[in-house]
Amino acid sequence: YIYILGLKLGPLLKIYKNKLTKLGITTLVNPDGLEHERSKWSYPIKKFFLLSEKWMLFNCDIIVCDAKGIKRYIDLKYPPLRKKTIYIAYGTDKIDLNNVNEEEILKEYELKKNNYLLMVGRFVPENNFELVINEFMKSDIKKELIIISNLSSSNYYNEVVSKTNCLTDKRIKFINGVYDEKKLSIIRKNAYAYIHGHSVGGTNPSLLEALSLTELNILYDVNFNKDVGKESCLYFKKEGSLTKTLNNIKDYDRKKLGKEAKKIIEENFTWKIIVDKYKNIFRK
């Protein structure tokens with residue numbers, strides 16, 4: 001078996017498909033996300049990704065989609081491929097935080113329990129940082145907005161800061177990456193709410209981690225996010241919708257929504273469940 005993650009190797013798979021078949025090799029492809037929709041790419045590159053996508057999907061044996069939205073996209077765009085297209089989500093595991101000093105970690109990052117909203121992700125346009133920052137600045141919420149991202153390696157970060165003038169809002173704070181799993185989990189766990197602005201891609205790992213730890217989750221309204229969060233989350237998209245949610249944030253039952261979110265993770269997205277689904281492929 002060869003399992004290829006992403007759709008950028010289309011030309012190579014097209015060339016080597018017959019050789020792989022003769023060797024008895026089954027080729028699996030995971031589209032990962034809709035690469036051609038990412039705004040960071042120029043038009044020629046987007047066109048190449050679309051062509052590469054077609055070559056990859058038609059020349060593999062099994063297409064594994066890690067989001068229902070990706071499977072729907074392939075089923076509609078490439079009807080002949082439906083029989084070999086399956087859905088197996090990304091997964092997450094509950095992290096043991098029993099021996100972790102929560103107060104010490106929160107103090108390290110100058111955070112107070114339930115006193116901040118959290119965003120985590122790469123600083124790229126399709127994660128809607130600019131929209132979230134603008135909506136937050138227009139709100140009258142007293143809590144902080146903490147953004148954890150790759151600030152030092154992102155030109156887009158400087159662009160957004162300049163366009164929004166957000167550094168004048170003392171409620172907004174940036175943290176340049178937290179790569180210690182337990183520290184990040186503590187920050188997620190103690191956030192009043194998690195804001196997920198991702199608009200392109202499959203089942204996002206940071207969303208799964210948030211649902212497993214944060215009580216209130218506010219997601220950008222696209223099918224990739226709604227397929228995961230379902231009724232356990234709040235959603236925003238149109239200008240003004242996030243501001244309205246933030247202004248009324250105390251009206252939502254955080255404990256009830258958090259319990260529903262954790263149930264979704266436990267029943268659908270643990271690595272044990274995901275691995276068992278992959279095992280079924282290799283048993284055939």
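**Packing and burial in a predicted model**

E126 touches R38, S39, K40, G197, H198, S199 and V200, residues up to four places away in sequence not being counted; contact means heavy atoms within 4.5 Å. This is a predicted model, in which local features need pLDDT of at least 70 and side-chain atom pairs count only at pLDDT 80 or more, while totals for chains, interfaces and linings use all residues. Residues are numbered from 1 along each chain as its sequence is written, and side-chain values use heavy atoms, with hydrogens and water left out.

Visitor: Does E126 count as buried or exposed?

Guide: E126 is found in the loop between β5 and α5; helices (H or I, at least four residues) and strands (E, at least two) are DSSP runs numbered from the N terminus. Buried means under 20% relative accessible area, exposed over 50% and partly exposed in between, with a 1.4 Å probe and protein chains only. Because its relative accessibility is 4%, E126 counts as buried.

Visitor: At what angle do helix α2 and helix α3 pack?

Guide: Helix α2 covers residues 43–58 and helix α3 residues 68–77, with their axes 13 Å apart. Axes are lines fitted to C-alpha atoms, for helices over the stretch in contact, and angles run from 0 to 180 degrees between N-to-C directions. The angle between α2 and α3 is about 85 degrees.

Visitor: How is α2 oriented to α3?

Guide: Angles under 35 degrees count as roughly parallel, over 145 as roughly antiparallel, 65 to 115 as roughly perpendicular and the rest as oblique. The angle therefore makes α2, relative to α3, roughly perpendicular.

Visitor: Which residues in α3 are met by L50, E53 and L57 in α2?

Guide: The contact of α2 with α3 divides into four nonpolar, no polar and two charged residues. Ala, Val, Leu, Ile, Met, Phe, Trp, Tyr, Cys and Pro count as nonpolar, Asp, Glu, Lys and Arg as charged, and the others, Gly among them, as polar.

Visitor: Which are the edge strands of the open sheet?

Guide: The sheet has six strands with parallel pairing, in the order β7-β6-β5-β8-β9-β10. Two strands pair if DSSP finds at least two bridges between them. Pairing on one side only marks the edge strands, β7 (172–176) and β10 (234–236).

Visitor: What is the bridge partner of I146 in β7?

Guide: Strand β6 (residues 144–149) runs parallel to β7 and is joined to it by five bridges. In β7, the partner of I146 is K173.
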